[in-house]
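Please read the points alongside the coordinates.

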Amino acid sequence: MLSMQVFANPVDELIERIDKGASTKFKTQLVKSDKDFFELDQQGQKVVIRGNSWVNIASGLNWYLKYYAGVHLSWNQMQAKLPAVMPKVTKKERHETDLTLRYDFNYCTFSYSMAFWDWKRWEKEIDWMALHGINLPLAIVGEECVWRNMLLKLGYTEKEVGEFIAGPAFLAWWEMNNLEGWGGPLPTSWYTRQEKLQKQILARMKQLGMHPVLPGYCGMVPHDAKQRLGLNVADAGLWNGFQRPANLLPTDERFGEIATLYYNELTKLFGKADYYSMDPFHESNDDPNIDYAKAGQAMMQAMKRVNPKAVWVIQGWTENPREAMVDGMKTGDLLVLDLFSECRPMFGIPSIWKREQGYKQHQWLFCLLENFGANVGLHGRMDQLLDNFYSGKKNCKGIGFTMEGSENNPVMFELMSELPWRAEKFSKEAWVKNYVKARYGVGDKTIEKAWMILAQSIYNCPAGNNQQGPHESIFCGRPTLNNFQASSWSKMKNYYDPADTRKAAKLMNSVAEKYRGNNNFEYDLVDITRQALADQARIQYQKTIADYKAFSRKQFDKDAERFLNMLLMQDKLLGTRSEFRVGHWTQDAVNAGNTAEEKKLYEWNARVQITTWGNRYCADTGGLRDYAHKEWQGLLKDFYYVRWKAYYDALAAQMKAQTAPQPELLGGGPNATKTAAELFAMALPQEVKLDYYAIEEPWTLDQTPYSAAPEGSPVDVAKEVMEMIK
């Protein structure tokens, strides 16, 4: 363990975590300035990085590593062997910005990506944040500890607390007032673990000069609080089949008392903050029983009693922030996260969520949502991001990463992180050319060509296309005769030619031998080849269904088999990288438990979240199943393959049965009264009805271990894929 005394500052420590001993190659200087900046310079053999905050210095370090040393640090690689002699900064380079606030995380990120992270993983993430300029991170780990203490003081029993607080993989939606108890009850050891983890997280964030955003109180109470505590509440009803917590009305005389109790417990565990996150009445219709102006006042006053200088951070999402709730508030007291700025901004650029007056007097952040459900897939809106960012933005104070799931599409987060430091608009093509060189540490025209194809197609989702996150893989949806999107709300719409991703994959594979062992290249090779295979499988699916509709039985058998083989090949390809193995998710869940019972609960949470999401009602009727689907090794072979095989077998059996006499289509008997139109409809291909939940649930209950360790060579298996789809 590195001694705190050895290093002059936290950025030197960060450099040591990247490459032990490398801090001696740099000189980092904290300089007072009213302007946020970083500066690259040279003194003898040492690279000098100056800035007015540790985070800005870390941003400068990242800039230097990318554009001078050809070292790109991202989720798939947070350590690197730096050159023995660092490339010199021959001319001083300085970058400034007025966008002083740079935010990170969506509530969902804490469940879709970080549900089971330990300190070792969190330490890497905080380093990633510092390198990418983040100084305003959402910090909600351990919120359940605050609530447990609070509810016990209000007279709830441990059992009742367990029925209210959700399980590890579903805490985000409990925190957002969407559901109670699902995935729980949490064992007491979980609270101990999370409290310790949050204290480590906060200490490191503060050491780097970040301002953690702690969760504030916006009136959530258990749904039985009216009967149990005599509180005046608004019943929030159900959310996708789940019981929602109730909302304590701000006019209730005990609102201040409950809020104070919450903040006391929060402060006792994790200290005070300069920023508190609150999203009241999240994803709910307006309720005539709620005085929104008074609700906003009550929440603001409760927060200000803790810290008079504190700022309320609120998500700009669907109906929030409601104008009635925030119109009376002072400039500077509220900070709005314009959650989906690259697609549906509210600040005035044409979009389906456009607000004519933007956020009025309130300050806000331009945010990149990019990913929903932590789904796997190449995706981006490069032109939209640049166009929206460089348009006029009144009261904009910075940027934010608000992805539902992280550890994907590093190119988009890299682009976004640089925007505050680039004063003038630039083209995506010019930027991508430099990104590729930084990412792989070498200039290569073939790789550059592959990335230009991607930048102009799959990474350039156009304005007007409102889909939520990546184009969803055909492998991941419940099979039907008309499969398109995998999840209920993706709003997926075709916008790129699948020939483009195949072309890019072909180019990457053509030089793969040369870059064998280059970690960033092999990660991207797998990801781009995966995308090409998924896109070609969608075409193969259409052929298979066309065979069925044409009653071409032999061709159907052949095409169905090819589709299933493509799915299994995808599983094999993804198995070559630990990031794309379901084992990295389930292993983290198992490792978070101390006892066999805890390990079982956590693994069940992990498995359910990425498949059925909930119980039978939720999966079949509520609409959440497959929302967090993943193209991951293990999940493809043991879950998605099983569904598709059952479906194709059922279609084959149906076709075979149709070669026998069809009494139901004869005019006599019970069909004598049917109209010609009804008989015609009966003659059409009929959708097979399978009980998918019965197929899915056994996998969620299974405990067969999955390994996170990669198997096979990315370069070799990617070649096999290209042979299959050439």
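1. A cavity is here a set of points on a 1 Å grid where a 1.4 Å probe fits but cannot get out, and its lining residues have an atom within 4 Å of a point. The model under discussion is predicted. With a cut-off of 30 Å³ or more, the structure holds six cavities.

2. The largest cavity has a volume of about 160 Å³. Its lining comprises 18 residues, and those nearest its centre are Glu143, Glu175, Gly216, Cys218 and Asp279. By class, the lining of the largest cavity consists of ten nonpolar, five polar and three charged residues.

3. Twelve of the residues lining the second largest cavity are nonpolar, three are polar and two are charged.

4. Helix H18 (residues 519–550) packs against helix H23 (residues 635–657) at an angle of about 20 degrees, the axes being 11 Å apart. Since angles under 35 degrees count as roughly parallel, H18 and H23 are therefore roughly parallel to each other. The crossing of H18 and H23 is left-handed.

5. On the H18 side, the contact is made by Tyr541, Thr544, Ile545 and Tyr548; H23 supplies Trp644, Tyr648, Leu651, Gln654 and Met655. Seven residues of this contact between H18 and H23 are nonpolar and two are polar, with no charged residue.

Technical notes. Residues are numbered from 1 along each chain as its sequence is written. This is a predicted model: local features need pLDDT of at least 70, side-chain atom pairs count only at pLDDT 80 or more; totals for chains, interfaces and linings use all residues. Side-chain values use heavy atoms; hydrogens and water are left out. Axes are lines fitted to C-alpha atoms, for helices over the stretch in contact, and angles run from 0 to 180 degrees between N-to-C directions. Helices (H or I, at least four residues) and strands (E, at least two) are DSSP runs, numbered from the N terminus. Angles under 35 degrees count as roughly parallel, over 145 as roughly antiparallel, 65 to 115 as roughly perpendicular and the rest as oblique. A crossing is left-handed if the near helix is turned anticlockwise from the far one by less than a right angle, and right-handed if clockwise. Contact means heavy atoms within 4.5 Å. Ala, Val, Leu, Ile, Met, Phe, Trp, Tyr, Cys and Pro count as nonpolar, Asp, Glu, Lys and Arg as charged, and the others, Gly among them, as polar. On a 1 Å grid over the protein atoms alone, a cavity is a set of points where a 1.4 Å probe fits but cannot get out, and a pocket is an open set with protein on both sides within 12 Å along at least five of seven lines; lining residues have an atom within 4 Å of a point. Grid points are joined across faces, edges and corners, and a volume is the space filled by probe spheres set on the points.
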